[in-house]
Amino acid sequence: MLEIASDIAARAGIGLRARHLDEAASQAPPVSFLEIHAENYLGGGPALRKVERLRADHAMSVHGVGLSLGSADGIDAHHLGRVAALVDRLQPQLVSEHLAWSVVGGAYLNDLLPLPYTAESLAVVARNIDCVQTVLKRSLLIENPSSYVAFVQTTMTEPEFLAALVARTGCRLLCDVNNIFVSGSNVGFDPAAYLDALPAAAVAEIHLAGHACNDADGETILIDDHGSRVCDAVWSLYRRAVARFGLRPTLIEWDTDVPALDVLLEEAARADREAAAAAAGQAT
Amino acid sequence: MSALPLADLQQAFRAHLLGAEQTALVATAVGDRIPAPARLRIYRHHVLTSLTAALGATFSTVRAVVGDDFFAGMARAFIARSPPAGPVLSEYGAGFPDAIAGWPQARSLPYLADVARLDWALNLAYTAPDAPALTAARLAAVPPDQLGGLSLRPRPGVVLLHSRYPIDRIWALNHGGDVDTVDLDAGGVSLLVFPRIDDAALASLDAGAAALMAALAAENTLGEAVAQAMAVAPDLDVGAALGRLLALGALADPGP
């Protein structure tokens, strides 16, 4: 698999949302990179033109939410072709997708749906990642999902499954620290042990976000809504991730009740401080 | 212990998300302190609310007219019957105006489906690929004896709409326009919806310009289109009608 030169600094970036497009264009936020959702820019129009102008001054990550790498039906070639055209146009430093599925029988279900971690699923996802990497001519970063349910037929842990994908396909990993925390609480595993089990050398990006605490039949369930600041427990897990993986490009994601751009920049600045402290602690 | 093949699990998950009870899916999901059905409902809730929000963003005038609850009722029925065919949510909802036309509870709002068609046209115009518009200067450079044979086509993203209701005023009323009231009996409108540099817009056309635009969109030559438009609007001022269409960027530059 081709490895592209990565000129993206191992500092914090922000998810670029529609309401911030004009402000980002005028003030050039001092972040390492901007991440866009591929599916928001596959048509034409003013939004894509603004992103293209921003690309001139910023490192960029294209984050897919709709390739459905876990679909037993395989990859939608039409959609992949459109993503490939966007990647070709923007030449981003990073391209990522999720360990999840959203398409079955030609219907797109608009969620990152869970997979049982079995040999069958591994074969399906590996085949689909191969397909995407062949068309994009670059390695894909695979993000661990936030989970609300596990399956009885699962035979592998999620880190084992991700490590097997790395070994089989040459993909790299996008470690979403908030998702580890959310899934650990919801389906019952130790987030620290999960981090320790990931293949560290493969981790090329980290995601951070806030989550909500909801009630399900009288029990607490964490919802990965990207609608608040990163919580203290997730900052703590992030420091552990940096200590183990080293400094990595780290994204602040915020998708629900998106706040002013300055709030995202504050969170990004905090991520840089937390990462520097964790890396320094590791070095001494 | 059931071990559904992945393809079957995904089919069952789809049926669950769109509202059907799926005992095989529940049986393959781990239930512990939180029962499996409650866990699976989280996904259903997210899919239905996020797709309702996507339709609400695209059909913002419809939502403003009927309110969030009424809108959600129409949206959820539509989602269950016609889930998206792809992950680009701005492309979801082509069938929603017709679904609204057939929604029993919306019969007292006969203009609502046309408002939805206007929202959809604006959405298409906003996301249309860039394409240069035919300019008056370009057209003036065509030798007069060749004008009648020209094939002039709508620019990508340009849509002509007709309604028996003043949907342009309904749109303006709900988007901060300079409109306080709408007289539903004020008569119909012909609207041109078109992309601009930073957004999409709508403009009303008189009967002659609308007939000319419709005839061009139906792939007639300019000469044929003028003849058809004059059959509809005998006092058509061809120069004015064509000038109006060019000023709105309605026609594509045919290239060299």
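Which helix of chain A holds Ala85(A)? Ala85(A) sits in helix 3, residues 77-90.

This is a predicted model, in which local features need pLDDT of at least 70, side-chain atom pairs count only at pLDDT 80 or more, and totals for chains, interfaces and linings use all residues. Residues are numbered from 1 along each chain as its sequence is written, and chains are lettered from A and ligands numbered from 1 in the order in which they are written.

**Figure 1. Overall build of chain A.** Chain A has nine helices and 12 strands; helices (H or I, at least four residues) and strands (E, at least two) are DSSP runs, numbered from the N terminus. Along the principal axes, the C-alpha atoms of chain A fill a box of roughly 50 × 45 × 40 Å. Of the 284 residues in chain A, 51% are buried. A residue is buried if 20 or more other C-beta atoms lie within 10 Å of its own, exposed if 12 or fewer, and partly exposed in between, with C-beta atoms placed from the backbone.

Figure 2. At 1.5 Å a residue, the 14 residues of helix 3 should span 20 Å, and its end C-alpha atoms are 20 Å apart, which agrees. The expected span is 1.5 Å times one less than the number of residues. His79(A), Arg82(A), Val83(A), Leu86(A) and Leu90(A) are buried in this helix. Seen down the axis of helix 3, its buried residues fall within an arc of 95°, so they line one face; the arc is that of the directions from the helix axis to the C-beta atoms. These buried residues pack against helix 2 (46-55) and strand 3 (59-63) of chain A. On the other side of helix 3, the exposed residues are Ala77(A), His78(A), Gly81(A), Ala85(A) and Asp88(A).

**Figure 3. Ala85(A).** Ala85(A) is exposed, with 11 other C-beta atoms within 10 Å. Leu136(A) is 51 residues from Ala85(A) in sequence, and their C-alpha atoms are 8.9 Å apart in space.

**Figure 4. Two loop residues with positive phi.** Most residues other than glycine have a negative phi. Ser68(A) has a phi near 55° and belongs to the loop between strand 3 and helix 3 of chain A. Ser68(A) is buried, with 27 other C-beta atoms within 10 Å. Gln91(A) is exposed, with 10 other C-beta atoms within 10 Å.

**Figure 5. Where chain A meets chain B.** In chain A, 37 residues are in contact with 43 residues of chain B; contact is defined by C-beta atoms, placed from the backbone, that lie within 7 Å. Strand 5 (101-104), strand 6 (107-113), helix 4 (119-136) and strand 11 (219-223) of chain A each supply at least two residues of the side that touches chain B. The largest share of that side, six residues, comes from strand 6 of chain A. The model scores ipTM 0.94 and pTM 0.94.

Notes: Two residues are in contact if their C-beta atoms, placed from the backbone, lie within 7 Å.
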